[in-house]
Amino acid sequence: MSHLVVENRFWDPEAERLSREDLTQLQLHRLRETVARASRVPFYQKLFEKDGITPDSIRSLDDIRRLPFTTKQDMRDNYPLRLCAVPREQLIRIHGSSGTTGTPTFVGYTRNDLETWSGLCARFLVAGGLRPEHVVQVSFGYGLFTGGFGLHYGIERVGAAIIPAASGNTPRQIMLMRDLQPDVLIATPSYALNIADVARSMGMDPAGLSLKYAHFGGEMWTEDMRTEIERQLNLLAFNNYGLSEIIGPGVSGECGVRQGMHLQEDHFLVECLDPDTLEPVGDYEYGELVITTLTREAQPMIRYRTRDIAALDPCPCPCGRTGRRMSRVIGRSDDMLIIRGVNVFPSQIEEALLSVEGTSPHYLIEVDRPGTLDEVTVKVEVQPALFSDKMSSMQELRDRIERKIHAYTGIHVVVELVAPKTLERSTGKAVRVVDKRGRLG
Amino acid sequence: MKIKQISMFLENKPGRLSEPCRLLADAGINIVTLSLADTQQFGILRLIVQEWEKTYQLLKDAGCVVNVTEVIATEVEDKPGGLAHVLDIIEEAGLNIEYMYAFTFRKNDRAVLVFRFNDPDAAIAALQARGVNVIGPVELYGNA
């Protein structure tokens with residue numbers, strides 16, 4: 001994709017290039033405002049009173065550690081909108097999660113919240129090549145999901161033309177692309193690959209479509225997927241991150257350097273904590289992102305535990321943006337395994353398997369504690385390309401996978417090669433982990 | 001002079017060997033010989049069959065992990081020292097045996113040794129130079 005480049009432009013150059021000192025001042029000021037706003041929410045009021053927390057008691061950003069955490073369960077307990085800090089009449093939008101993993105959760109927005117949100121989306125869109133003269137196809141669902149409307153208003157703010165294609169009906173999406181020649185695609189990365197597949201089945205070359213840039217979010221994806229999408233659709237792909245509980249897309253996004261997503265730290269105070277001990281992890285180390293909103297009016301969030309695992313990079317970026325960069329989300333802390341005291345994510349094991357050429361991601365992690373020590377067995381389905389009639393080659397393959405997993409996770413596992421299609425596959429999400437520790441018998 | 005051998009990945013669990021054998025039986029394919037290498041977890045089944053292409057497709061379609069490799073079959077007298085003689089030649093030629101197995105023909109006093117070498121052509125040349133009878137598919141399947 002060397003012929004495609006992106007010029008380094010800013011939407012809000014002053015805010016995006018605040019010095020660390022100014023940023024810290026601004027964050028502290030806004031954190032106090034957030035504590036004041038949150039004090040109007042009965043849930044926070046009770047917690048603050050118990051710990052003697054008032055806006056004035058926040059002296060430095062380190063005082064964030066005195067504040068209570070907020071979890072998804074707290075949102076469910078305060079269903080539907082009892083975490084709102086403003087009267088109902090001040091809300092002008094309500095978004096929410098689908099509730100596929102439990103009670104749905106809702107988030108309210110004031111007019112200022114929507115203004116802020118559009119501006120945050122505009123920042124990462126412009127960093128990733130969006131210009132007022134562009135045409136953008138939004139293939140995100142429009143609805144309770146924050147992706148569609150969030151990006152829509154950000155694009156509108158920049159002044160580009162929007163094709164609100166929404167999700168689904170892929171042949172129609174491709175027809176729109178063929179006839180309206182959009183420059184930019186907004187979608188989930190897996191949907192982009194689906195578009196390429198369907199285009200080919202319609203006898204079209206997806207690389208011949210007019211797209212130049214794409215902004216992806218809404219699901220976990222990998223660098224390999226980026227390479228694949230860029231090759232198939234002949235575009236530059238940018239990653240962005242956000243979650244509805246905080247605001248939606250716009251918490252962070254990539255610049256043209258594309259080595260991490262700049263956190264929009266003037267609007268969010270982001271911590272990276274060990275999900276087990278809740279102590280901060282070091283720079284570049286993986287931990288759970290814990291986010292405090294700094295400007296949200298309708299629904300301020302104090303130390304929201306995102307469950308998303310990523311690492312933070314404080315190193316200055318050549319683009320000039322001063323927001324620290326976060327890595328891709330590599331997993332969910334709910335999936336985290338603690339093996340002999342080491343935090344391990346199934347996604348790390350998956351990456352190790354992918355790095356051994358030809359190994360499919362069909363695997364099963366079994367954790368057991370036969371005596372006093374945790375033992376991990378990773379069952380991997382053998383692929384025809386890796387099969388050999390020589391026992392020495394097969395044992396070498398198994399050893400190679402074990403070494404890779406050790407390199408990626410720091411733990412020793414036993415790799416067991418199994419026949420294809422013998423590992424359980426559920427219709428939806430594959431079963432990846434069986435934890436037998438603590439079971440009787 | 002090389003013989004096609006079908007290899008198949010097997011988990012080391014009860015019943016796993018009978019599945020491919022049942023498939024072949026139902027398709028009317030006769031197994032000339034087989035060998036099984038195994039570890040605690042998994043094994044590799046190696047099969048010599050005349051209809052190797054059909055067998056390969058059959059097992060592959062059944063979802064098995066299979067591949068085809070070339071092995072060398074040599075014929076020796078079925079008597080003490082028959083194998084040792086061939087092994088001496090291989091050792092002198094500096095050839096490395098990946099694995100081997102043996103079986104006897106039904107109707108005469110000959111034994112067949114099946115060898116897997118990394119460089120089968122060099123092995124054939126070395127064995128033939130010392131008068132070892134390297135047999136091809138016609139003789140192998142004709143006598144089996």
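How many bridges join strand β17 of chain A to β20(A), and do the two run parallel or antiparallel? The close-ups below start there, in a predicted model.

**View 1. Strands β17 and β20 of chain A, side by side.** Here's the pairing from the opening question: β17(A), covering residues 363-368, is joined to β20(A) by three bridges, and the two strands run parallel. For a landmark, find I365(A), which sits opposite V433(A) of β20(A).

**View 2. The four-stranded sheet of chain A.** Step back from that pair and you see an open sheet whose strands come in the order β19-β18-β17-β20 (chain A). The pairing in this sheet is mixed. At the edges are β19 (414-418) and β20 (433-435) of chain A; each has a single partner strand, so one side of each has no neighbour in the sheet. Going from one strand to the next, the twist averages 20°.

**View 3. Helices α10 and α11 of chain A against the sheet.** Now for the helices. Made of residues 346-355, α10 of chain A lies across β17, β18 (375-381) and β20 of chain A. Helix α10(A) runs at about 130° to β17(A). Helix α11 of chain A, residues 391-409, also packs on the sheet, where it touches β18 and β19 of chain A. The direction of α11(A) makes about 135° with that of β19(A).

**View 4. Where the two domains of chain A meet.** Chain A is assigned a domain 1 in two pieces (13-20 + 93-334) and a domain 2 spanning 337-435. Between the C-alpha centres of domain 1 and domain 2 of chain A there are 31 Å. At the contact, five residues of domain 1 of chain A meet seven residues of domain 2 of chain A. Sort the domain 1 side of chain A by class and you get two nonpolar residues, one polar and two charged.

View 5. Which residues touch? Ten from domain 1 of chain B are in contact with twelve from domain 2 of chain B.

Key: Residues numbered from 1 in each chain as written. Chains lettered and ligands numbered in written order. Predicted model: local features only at pLDDT ≥ 70, side-chain atom pairs only at ≥ 80, totals over all residues. Domains from an automatic or database assignment. Nonpolar A, V, L, I, M, F, W, Y, C, P; charged D, E, K, R; others polar. Pairing = 2+ DSSP bridges. Axes fitted to C-alpha atoms, helices over the stretch in contact; angles between N-to-C directions.
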